[in-house]
Amino acid sequence: MNDREVHKKTNRGDAHWLSGLLYCGKCGEKMSGDKACHDYICKTYKVNGKKNESGCQCFRVPNAEIEPILECYFEEVGHRLNVMVAADQNSSLVHALFTESWMKECELHYVYMKMTDFITANLAQGIHYIDDSEVIIDQDTMDVYGEITLEEIYNEAYASNAKMLQEKLAEKEAEFDRLFERYKSLKTEMARERADAEMGMIEVEIKKLKGQLEPLVEQYHEVLDESKRLAAAYESALETVKGNENRRKGEVVRQLIDKMICRFDDDSRELIDVEIIPKTGHPWSSQRNYGTT
Ligand SMILES: [Zn+2]
């Protein structure tokens with residue numbers, strides 16, 4: 001390859017820095033960069049023209065249309081992650097978050113939920129004092145309020161209940177063993193069916209108790225650290241995408257995003273939605289979150 005060719009190749013790669021990431025929502029093929037401009041065109045249309053089986057039109061989109069959507073994505077999801085991580089400091093913040101519908105899209109939500117479930121199931125209704133802080137448990141609404149971390153409250157609930165749960169588990173396991181012994185000597189089909197159902201129910205209880213006894217703290221810190229890492233990565237990606245170093249933009253976006261599915265209106269051929277599939281986390285739709293119509 002001579003110098004001129006190298007130069008040409010670099011240039012082309014930079015101009016279409018979203019190459020390989022964009023997919024046509026109709027045929028599922030990649031959108032490929034158009035040599036003449038900064039647009040990306042549905043490959044099916046580009047190769048086959050109008051007569052293609054998937055019915056793709058000349059769907060095309062320029063960098064300039066995708067970039068603000070990417071900015072919006074990084075800004076919004078980065079912000080959400082930061083809010084989730086900040087709630088680590090105060091259980092009342094976690095409680096307030098449960099009303100946000102987007103929260104379900106964050107993995108931290110799942111762990112916060114599990115901790116809250118455990119706390120409300122194992123600490124009595126009413127006011128508790130943990131490390132001199134007032135903590136209110138409402139078992140009816142499954143709410144936990146307090147100016148200390150959810151982790152501290154969870155640890156308290158775990159410490160005061162683990163022994164009791166272990167005893168309960170041992171009891172259930174003994175009961176299961178007894179039934180199992182008896183099962184062997186059962187003569188009729190009906191008796192065995194009944195014993196089967198009984199053992200099935202105890203098995204469910206054993207599973208539930210084992211689940212409760214599994215400390216969540218380790219999993220919690222793993223997810224928390226990962227969320228912090230992602231929040232920082234999204235923040236820095238936002239800055240990069242706002243800049244104009246195309247090569248760098250391509251690298252950063254590829255680290256975080258798997259693919260972006262572009263959907264077009266069949267009649268107007270306008271871009272109506274970009275679905276972003278990140279490497280980690282939930283898919284995000286520009287139509288739902290950004291308002292491309
Ligand atoms: Zn297509």
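Which residue in β6 is the bridge partner of Gly 126? Hold that thought for a moment, everyone.

Thanks for having me. What you see here is a predicted model. Let me begin with the whole chain. The C-alpha trace spans about 80 × 60 × 40 Å along its principal axes. The radius of gyration is 27 Å, whereas a compact globule of 293 residues would come out near 19 Å. As for burial, 25% of the 293 residues count as buried. And if you take the contacts with a separation of 6 or more, 52% of them come from residues 24 or more positions apart.

Now, back to my question. The partner of Gly 126 is Ile 137 in β6. Strand β5, residues 126–130, pairs with β6, residues 133–138, in the antiparallel sense over 5 bridges. The two form a hairpin with 2 residues between them, and Asp 131 in that turn has a positive phi of about 50°.

Stay with Ile 137, please, for it also stands opposite Val 144 in β7. Strand β7 covers residues 143–146 and runs antiparallel to β6, with 4 bridges joining them. This hairpin has 4 residues between its strands, and Met 142 in the turn shows a positive phi of about 55°.

Last stop, helix α3. This helix takes in residues 63–86, and its 24 residues reach 34 Å from first C-alpha to last, close to the 34 Å expected. Its buried residues include Ile 66, Ile 69, Leu 70, Tyr 73, Phe 74 and Val 77. Arg 80 is buried in α3 too, along with Leu 81 and Met 84. As a reminder, an α-helix has 3.6 residues a turn, so residues three or four places apart point the same way.

Key: Residues numbered from 1 in each chain as written. Predicted model: local features only at pLDDT ≥ 70, side-chain atom pairs only at ≥ 80, totals over all residues. Rg over C-alpha atoms; globule rule 2.2 N^0.38 Å. Buried ≥ 20, exposed ≤ 12 C-beta atoms within 10 Å, placed from the backbone. Contact = placed C-beta atoms within 7 Å. Expected span 1.5 Å × (residues − 1). Pairing = 2+ DSSP bridges.
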